[in-house]
Amino acid sequence: MNTDVPIYCYSYHRISTNRQLSGGGIKRQIEASQAICREKDWIMDTSFQLTDIGKSAYHGKNLDDRAALGGFLNAVDDGLIKRPAVLLVESLDRLSRANIMDALELFIRILNAGITIYTHIDGMTYNKNEIQKNFSPLLISITLMCRSHEESETKSKRIKQSWKQMEDTLRNGGLGRSTIYPHWIDISSGKPKIIKNKARVIQDIFRLCARDNLSYVDICNTINDKYGDVYNAIPSKVQRVLRSVKVLGLYEASNKEHINAFPAIVDEDTFYLAHAMIAKRKKMLVGRPEKRAVNFFKTLMFCGDCGRSICNVGRGQTSAFLCYSHYIKKKCGQKSSLGVNRFQTALLYALSLIDKDDMLEKTANKEKSKLSKTIISQQSLIDDKKQRIHNLVDLIAAGSKTGIAVATNLENEIETAERELEVLTNRLDMLNSPSMASSIGCSL
C-alpha cells in the first residue's frame, strides 16, 4: 500500500455465544484493534457497527444480512466503503470457521473487492496484489482456515455426543444438565422436584387460558396482580410457557423425541385444551368480555339499517347497544340505542320462566360440556403429534433409524387417539340428537 494515502480501517469483532461476553472477548479484540490502528496510523472508520455477538462462524451465521459482517459485505458490494481499506480482525477464524471451500471463497471475495485483511494476533497482511507476487500468505491462510474448521468440527461433534449421552441418561431416569430444567424444577437434591410456589404460577396461566379463555394480555394482567412480586408476566413469555412441553415433564431431544425427564405440573387435557382455545381465539378473534358490562351478544348482533355490528358502549348503568358505524363515524342513520342492563336483565328473567321440562336434564348438559372440551383437547393432541411427525421429515429422509422409530410410535398413537376421538364424537352426536331429550334420563 502507498503509505502517503490515508488508509481507512474497519475493525471486526466476533464471539460465538452471549456467555463469552463475561470473558471480555469483545473488549480484548477492540482494545487490540485500537492499538494496531494507532501504531499503523490508520483512520478508524466507525460508521459501521462491526461486532457480532452470538453469531457462529462455523455455521456461517455471521454472514447473514442482519449480522455485522454480512452487512459490511453488502456495503462493500454497494460501494459504501472508503478506499484504500483494511479489514482488521484478531485472526482469520473470526471471519469464518466454515469448511475450507466456503471460508476460502469469503477470504478471496474480500481481497477481490480491494480490501486488505490484517490479523493482529500474528501480524499477517493479506492483500490481493501482494499475493499475486508471492502466494505464500495464501498458503498460510488456507492452512489456518483448515485448522479452524477442524477445531470447530471436532468441538461440534463432542458437544453433540455429550448431549446424546445426556439424553440417554434422561431416558434411563437420570439427571441431565441443569440448563434443561425449567425454573419450577429443583435438582439440588439429585432428583427433579417441583418448586410448588413457582409451579403454581404456571398452572394459573394454563387455567386462565384453558378455563377462562383470556388473551395473553389479560393473562399477564391477572398474573402480575397476583404474583407481581415473584413473576413478571409479559405476552411473549406467557406464549412460550403455554407452548412448552416442559409443563408436561417432557424434554425435547435432538431427534425431536419427547423424553419424560421431570415431574409434570399440567395434565395433558389442560395443556391441549389451552392450545385449542388459542387456536379458536385466532379464528374467532374474540376474548373475555369487557369489564364495562357483560355482552351476551358479542359478534351476534347487527344493525338493521347498515348491517354493521352492534357494539357495547358506556359503563355500568349507562351501558348500551349501539350501531358501530354510527358510534365511530356517524355514517349510519340508526341513532337509537338499547340499554344493556335492562334488556339483558329482562332476557334473563324470560329465560328463567321457560319450562324446564322442555330442556335437557342438567346431568346431560354437564356431560355434553365435558365431552366438547375432551374432543377439543383430543383433536389438539392429534394435531400436535402430526406436527411432530412433520418435524421429523428431514431426519427420516437422512435415514435416521431413531427418527423412523419415533415417527412410527407417533403414527400408532395418532391412530389410537383418532379412534378415541370417533367414540367421543359419536357420543356427543347422540346427546345432541332431538330424540335424546325425552330419553336422556335412561341413557345416563
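This is a predicted model: local features need pLDDT of at least 70, side-chain atom pairs count only at pLDDT 80 or more; totals for chains, interfaces and linings use all residues.
## Basis

Local features require pLDDT of at least 70 and side-chain atom pairs pLDDT 80 or more, whereas totals for chains, interfaces and linings use all residues. Residues are numbered from 1 along each chain as its sequence is written, and side-chain values use heavy atoms, without hydrogens and water.

## Largest pocket

The largest pocket has a volume of about 570 Å³. A pocket is an open set of points on a 1 Å grid over the protein atoms alone where a 1.4 Å probe fits, with protein on both sides within 12 Å along at least five of seven lines; lining residues have an atom within 4 Å of a point. The volume is the space filled by probe spheres set on the points, which are joined across faces, edges and corners.

Of the 21 lining residues, Ser 16, Ser 56, Tyr 58, Lys 155 and Ile 159 lie nearest the centre. Helix H5 (136-171) is one of the elements supplying at least two lining residues, together with strand E2 (13-15) and helix H1 (25-40); H5 gives the largest share, 7 residues.

## Nonpolar cores

The largest nonpolar core has 42 residues, and Ile 202, Phe 206, Ile 219, Ile 223, Tyr 231 and Val 247 have the most contacts inside it. Such a core joins buried Ala, Val, Leu, Ile, Met, Phe, Trp, Tyr and Cys residues through side-chain atoms within 4.5 Å, buried being under 20% relative accessible area with a 1.4 Å probe, protein chains only. Helices (H or I, at least four residues) and strands (E, at least two) are DSSP runs, numbered from the N terminus. Among the elements that each supply at least two residues of this core are H5, helix H6 (196-210) and helix H7 (216-227); H6 provides the largest share, 8 residues.

Apart from this core lies another, of 26 residues, including Ile 81, Leu 87, Leu 95 and Ile 117.

Methods:
Buried means under 20% relative accessible area, exposed over 50%, partly exposed in between (1.4 Å probe, protein chains only).
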